[in-house]
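Have the structure open as you read.

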Amino acid sequence: MTIQFNKETFRDDYSFRNSDWAIKRFPFPFHEDSYMYSVNMEQHRGGPPGSVYEKRFDVDEHYLAEMEDRAIVLAEDPLRCQSLPHMTLAGWDTLELIMTCKSEDYPDLFELHRDGKRWRWVNKPMGIDHSFTFLDETTLPCGPLEYITRQTQGDFAVLDQRDEMLWMDAGTVTTQADWSLDFDIGMNFFEWHAPVPMAHELGIFKRALKFLLNVQQGAPARRLNWTMTVNPLLDTSPENYHKWGIQKTTLTPENIGAKQHLRVELQTFFRLPRSNALLFPIRCYLIAFQDIVSVPKWGRRLHRVVRDLPDELATYKGFIANRPMMLDYLGQYDDGRPTSPGIWPDLETEPPLDMGR
Amino acid sequence: MTAAPQNTKAGAEKIAVTVSAVVPLNDLVTRFEFTRPDGAAFPPFSAGAHTVVEMRDQGRTRLNPYSLMSDPSDPSIYAISVRRDDQGRGGSLFMHRNVKVGDAMTLTYPVNLFSLDLRGRKHVFLAGGIGITPFMAMIAQLEQSNGNWELHYACRSEALGTYADQLRSHYPNKVHVYFDDQNQAIGLEDLLDGQPLGTHVYVCGPKGMIDWVHTTAAEHGWPSENVHSEEFLAPQPGKPFEVRLCKSDITIQVGEHESLLEAMERCGVDAPFLCRGGACGQCETDVVEADGEFVHRDHWLDDDDHACGKKIMPCVSRFVGKTLVLDR
Amino acid sequence: MSKFQFPESIASRPTYGSLKSRPGKAHLMIADAEGAEAILDLAAQDAGLMAKSHVIYIPSGSGAGLSERLRGLKPAQYYEGPSYAAAVPRIRRVLSDAHMGLQVYLCGTEGLMGQAMNEATAAGIPHSAIQTEHRGSIARRMQCVHCKGITENVTTDPFVCAHCGLNLFVRDHYSRRLAAFQGVCIDAEDPGNVPNPVELYK
């Protein structure tokens, strides 16, 4: 399949749009009509053809636009990509993993030619054809982590594993749900999750850590997480919150369907072979409310999830003030009918919306 | 989230290999080298990793972990060195007696429970006997990155000093060898006191040596984070016992010379594992009911866990008593 | 009484203990203001300790009597400096040729302990092996997440960033690497609506 890359922006005029293809393959995060934290890990070994789970690093129609947005963020604030000195080897691991996976999974878009340590990398969509020496930083224009993550969608946290703990010691973070790599770099797993309400008490992080410490080479894992964003803004960073926070107040009953976006993170976990670090890619998918409700099952379910979410979570996810307006909008797409289990759209089998009652 | 049918298997991913060399090193130790039958490169690994070798021994499957001791930058081979243990459970004897060049075998992907702390300003390796093997890979890895290291290696005698000559001739200023039969010993206290801040010490060898290093380092004010060790426990024999596995809905017998984990596998129960040596935590199993005494031998559970009797590590721990019911 | 019991908080917020004498041939103690009291208490636990100790003390205007008492403990080396910044070159020199086994004791304000811990961890001591005891002021060292500037001695929430002038609220989220808590714009979603500053822990 050849992907048609969109010409679009994630800032200013916000011309970002999902095609029908992108809507149908959207990673809807709710497998039932309610939501509570869970460790919800599963193996990351493919998924249905065409789904975002099929490839190890999903490439979609937003690829080039997201890479342009990342370049803008890094030019404005180089601190969004950092690597503590001992993490260079993990950076090479990351480069090797992504180049290997992308060239195998998308041979029409990416090529990797290896001759011992002499490597040639071809990224056709971005027009890159570059030869370099593996493990020799002097042959790359920037560090290996920055080099490859400027060419790969999603944020990347690289976690060192020491003393039965994971440490956030490197990363490229430009599409984050309101956390700062520059502030959190060097923290351990419990520390960087410290601001998350309720989950600590539920023992979620203890269990998640135990699982992640045991993610092994050749056996990656994945889970979904979600939040809400007004406008298709990728860079919802704390650094720029004083600039974008105000956008949350621009919602009206007329524009909410187009402006309010569900933001889903496909989080994956790969053991890195040479450094024994853990790569934690966090891929962000955005979808406007008006596109979600075009799938009847998702419209029904999102209304119920938003309605029943505990206040603490709605506050933490930053939409407590806008929740009443969201419910007014979503309520129009919930006819009270039952929904089928699981995350898939089930367009053929789920009944169309019936507000006649 | 359930995006795909899940096919969860116990243990790490597997690699089919061919034995490419069997090299006796001395009376007790033999090196085994493996290549892939399809000629493909091995997955890269980090120094300190082990692989679990699957042995088909007359209808019985033995799964023994060994440190990878080849150069991590050489993807063409994996190598292990095996010390023959005449009193052991038979895995090392099988390797020494039965494994020949050209044999097809199965290894697991590398799993690392003894990795280098890459922040270290300096790495001091303390090896006892066959405990030299993970350091062979660590030294190769650090040499690639111009790392600062030194090795202190205690062996029984010159004849049994596996790789001692090779190491001394390659790195005469960094390798120090001590022979028991010449009354030589590592001067641990002075060695520890002299190290600059940011030094990490790694010990691999008999249990007594590991305990000695941890205790001495603590007495000399070393943070526990800077002292690393790896000790693979072999399951110890014990009295046979009976276990009820409630999820699988079967009752199984654990024989004198097999571990609880091995008995589960023999009975077709797909139980999780990685290290099979009480260290990784992967096989941790909840106890539903117990009337008797646990024989906990793992490094994973803490003292409270051991005392409360609610958990067991089936790879090395056993049970003596009337009733044991596990959530597996 | 210079001790303050911080309420329980999130996992990234540092917690402080009571200094205990630990085994080791060399001991480095860094304190400011009322932190001297913690050294006095520590010295009382172990008669042999001070003869192996190097004390670096920043009185910060509140410790004339305490200086005398610290000197009276007869540490192997004693230094008194006018500010933490002035003491940094000496701290780095001491750490540069220290050996493993060195015990580090930090006591006084959070800002002092955080910054000195950074020096010790940069020299190769894991943070969990460094002992801390809080004494004296509860003022915080805050980083503005927006402009990255550090504002010292913050005692109210919200406060004004000394660098960019934004009104920031005080989070308990703490970075060891920056030795600072996080300050985040309080009126981003409602510009100009800034609550009156309240004293921390009041």
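Contact here means heavy atoms within 4.5 Å. By that rule, 24 residues of chain A touch 24 residues of chain C. Keep in mind that this is a predicted model. Chain A also meets chain B, with 32 residues of chain A in contact with 29 of chain B.

- About 1900 Å² is buried between chain A and chain C, and carbon and sulfur atoms give 59% of that.
- Three residues stand out on the chain A side: A:Phe183, A:Tyr241 and A:His242 supply 33% of the area that chain A buries against chain C, more than any other three residues.
- On the charged side of things, the rule finds five salt bridges across the interface of chain A and chain C.
- A:Glu239 and C:Lys148 form a salt bridge, with their closest N and O atoms 2.8 Å apart.
- Twelve residue pairs are in polar contact across the interface of chain A and chain C, both residues being at pLDDT 80 or more.
- Which helices of chain A each bring at least two residues to the side that touches chain C? They are helix H5 (181-184), helix H6 (189-192) and helix H8 (241-244).
- Sorted by class, the side of chain A that touches chain C has 13 nonpolar, six polar and five charged residues.

- Chain A and chain B bury about 2600 Å² between them, with 49% of it on carbon and sulfur atoms.
- The salt-bridge count between chain A and chain B is two.
- A:Arg45 and B:Glu13 meet through their side chains in a salt bridge, at 3.1 Å from N to O.
- Five residue pairs, both partners at pLDDT 80 or more, are in polar contact across the interface of chain A and chain B.
- The elements of chain A that give two or more residues to the side touching chain B are strand E1 (42-43), helix H3 (88-105), strand E6 (155-162) and strand E8 (221-230).
- E8(A) gives the largest share of that side, at three residues.
- By class, the side of chain A that touches chain B splits into eight nonpolar, 13 polar and eleven charged residues.

**The chain A sheet**

- Chain A has an open sheet of seven strands with antiparallel pairing, in the order E1-E8-E9-E10-E6-E7-E2.
- Its edge strands are E1 and strand E2 (81-83) of chain A, each pairing on one side only.
- E1(A) pairs with E8(A) in the antiparallel sense, over two bridges.
- What stands opposite A:Glu42 in E8(A)? That is A:Arg222.
- Helix H7 (residues 204-213) of chain A packs on this sheet and touches E6, strand E7 (165-172), E8, strand E9 (260-271) and strand E10 (278-288) of chain A. The direction of H7(A) makes about 75° with that of E7(A).

**The chain C sheet**

- Chain C has an open sheet of five strands with parallel pairing, ordered E3-E2-E1-E4-E5.
- Strand E3 (77-80) and strand E5 (131-134) of chain C each have a single partner strand, so one side of each is left without a neighbour in the sheet.
- On average, and ignoring direction, neighbouring strands of this sheet are turned by 10° against each other.
- Strand E1 (residues 27-32) and strand E4 (residues 103-108) of chain C run parallel and are joined by five bridges.
- C:Ile30 has C:Leu106 in E4(C) as its bridge partner.
- Helix H1 (residues 35-45) of chain C lies across E1, strand E2 (53-58), E4 and E5 of chain C, at about 145° to E1(C).
- Helix H4 (residues 110-122) of chain C packs on the sheet too, touching E1, E2, E4 and E5 of chain C, and its direction makes about 155° with that of E4(C).

- Most residues other than glycine have a negative phi, and most peptide bonds are trans.
- The peptide bond from C:Asp157 to C:Pro158 is cis, with omega near -5°. C:Pro158 sits in the loop between strand E8 (156-157) and strand E9 (159-160) of chain C.
- A:Met198 is not a glycine, yet has a positive phi of about 70°. You'll find A:Met198 in the loop between H6 and H7 of chain A.
- B:Asn146 has a positive phi too, near 55°, and lies in the loop between helix H2 (133-144) and strand E9 (149-155) of chain B.

Note on methods. Residues are numbered from 1 along each chain as its sequence is written. Chains are lettered from A and ligands numbered from 1 in the order in which they are written. Side-chain values use heavy atoms; hydrogens and water are left out. Buried area is the accessible area (1.4 Å probe) that two parts lose on being put together, summed over both. A salt bridge is a side-chain nitrogen of Lys or Arg within 4 Å of a carboxyl oxygen of Asp or Glu. A polar contact is a pair of N or O atoms within 3.5 Å; within protein, one must be able to donate a hydrogen and the other to accept it, and residues adjacent in sequence count only if both atoms are side-chain atoms. Helices (H or I, at least four residues) and strands (E, at least two) are DSSP runs, numbered from the N terminus. Ala, Val, Leu, Ile, Met, Phe, Trp, Tyr, Cys and Pro count as nonpolar, Asp, Glu, Lys and Arg as charged, and the others, Gly among them, as polar. Two strands pair if DSSP finds at least two bridges between them. Axes are lines fitted to C-alpha atoms, for helices over the stretch in contact, and angles run from 0 to 180 degrees between N-to-C directions.
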